[in-house]
Amino acid sequence: MVYTKISQVAHYVPKQVVTNNDLSQIMDTSDDWIASRTGIRERRISYDENTSDLASQVAQKLLDKANLTPEDLDFIIVATITPDSMMPSTAALVQGKIGATQAFAFDMTAACSGFVFALATADKFIQSGLYKKGIVIGAEVFSKSLDWNDRSTAVLFGDGAGGVLLEASDDCRFLAESLNTDGSRGGLVSGQKGLMSPFSRQEDDLSTQYIKMDGRAIFDFAIRDVSKSILMTLSQSGIAHEQIDYFLLHQANIRILDKMAKKIGVPREKFPANLMSYGNTSAASIPILLSELVEDGTIRLEGCQTVLLSGFGGGLTWGNLIVKI
Ligand code: ACO
């Protein structure tokens, strides 16, 4: 049998820091409101880099860390809901920029669950035995999709990218998986609807280009449905929560992490957070967090720790992976 292992992790964020106080200069909000409701203090905002630029930086870092050449890669998957363009895909742009001439490349769209969905997909490519090395990146330049006149969404998101290098392995590291979608609730968080043809009878509403969210309903969905699915993933896999070293959850709101830890019955210290510095970076949030934890030595990539990755958001989508890391 061939299995998958995460052999390297990396992240890259734009240099420009925008604090809550900076935002309060351009909209009716305050550091106190944003920090107390969400935990976010600042976020990175791109001036001149697009999603493929951030993702290419991550891809290059992964190759450098692993001492690989771009030609060693068999595939590149980029999870994003803020691509440079629908065509070419952001993954294709990355493939071209880094010169990964042997790799096929495509984007995956599952909002804040995108990285988990993409990682689960990539695991199957490696397990098939057809491909030996691939990169999965979550990358967003969310700032270009926000309505900067809508304080209820603009303060929540940030730009950034993170990713992993996957390689074939002899021992089983991807221990459990659960992916879910409920399209009937898709309207709770939506954006970037397609352009209208001149023949269409539907009204063209420019406001639908921006992200719109029923924050309270998404909050409740995370606490109720995502907590339940994490408990289900644990019980179906026969892995006790005590065996999980860290729960790496999508970084949307510190209150969601607090409540989830309580609901699952796990000490809050097992739910690391970095949303204070980056806001919600959608598909990028989990790999950025993972990369920072490896950088500071909390996670060691030696195959001795077990983490549960959980993404949730637009679609609605939510998904968990338990990985020996
Ligand atoms: N500054 C000041 N006041 C604000 C701001 C702001 N930035 N935004 C909203 N308010 C006001 C509202 O107008 C409202 O005022 P009112 O009571 O006079 O009408 C008040 O604050 C309360 O607003 P609520 O929306 O009720 O605030 P809540 O406590 O629910 O927090 C939040 C909102 C932070 C969005 C929270 O609901 C949340 O985090 N939800 C989850 C978001 C999430 O997880 N998203 C992930 C998926 S996103 C994706 O997939 C792309």
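What is the accessible surface of the protein chain, and what percentage of that surface belongs to carbon and sulfur atoms? In this predicted model, the accessible surface comes to about 14,100 Å², and carbon and sulfur atoms account for 50% of that area.

Taken along the principal axes, the C-alpha atoms of the protein chain fill a box of roughly 55 × 45 × 40 Å. Because a compact globule with 325 residues would have a radius of gyration near 20 Å, the 19 Å of the protein chain agrees with such a form. Within the chain, the secondary structure comes to 10 helices and 13 strands, and of the contacts between residues at least 6 apart in sequence, 76% join residues at least 24 apart.

Turning to the interior, buried residues make up 54% of the 325 residues. In soluble globular proteins, nonpolar side chains tend to be buried together. The largest nonpolar core here has 44 residues, of which I230, L234, F247, I256, M260, F271 and F312 touch the most other members. Two or more residues of this core come from each of α7 (215-237), β11 (246-249), α8 (254-264), β12 (306-313) and β13 (317-324), with α7 giving the largest share, 8 residues. A second, separate core has 32 residues, including L119, L289, L293 and L309.

As for charge, the protein chain carries 30 positive and 38 negative side chains, and the centres of these two sets lie 5 Å apart.

Methods:
Residues are numbered from 1 along each chain as its sequence is written. This is a predicted model: local features need pLDDT of at least 70, side-chain atom pairs count only at pLDDT 80 or more; totals for chains, interfaces and linings use all residues. Side-chain values use heavy atoms; hydrogens and water are left out. A nonpolar core is a set of buried Ala, Val, Leu, Ile, Met, Phe, Trp, Tyr and Cys residues joined through side-chain atoms within 4.5 Å. Buried means under 20% relative accessible area, exposed over 50%, partly exposed in between (1.4 Å probe, protein chains only). Helices (H or I, at least four residues) and strands (E, at least two) are DSSP runs, numbered from the N terminus. The radius of gyration is taken over C-alpha atoms; the globule rule is 2.2 Å times the number of residues to the power 0.38. Contact means heavy atoms within 4.5 Å. Accessible areas come from the Shrake-Rupley method with a 1.4 Å probe; for residues, only the protein chains shown count as cover. Lys and Arg count as positive and Asp and Glu as negative; His and the chain ends are not counted. The place of a charge is taken as NZ of Lys, CZ of Arg, CG of Asp or CD of Glu.
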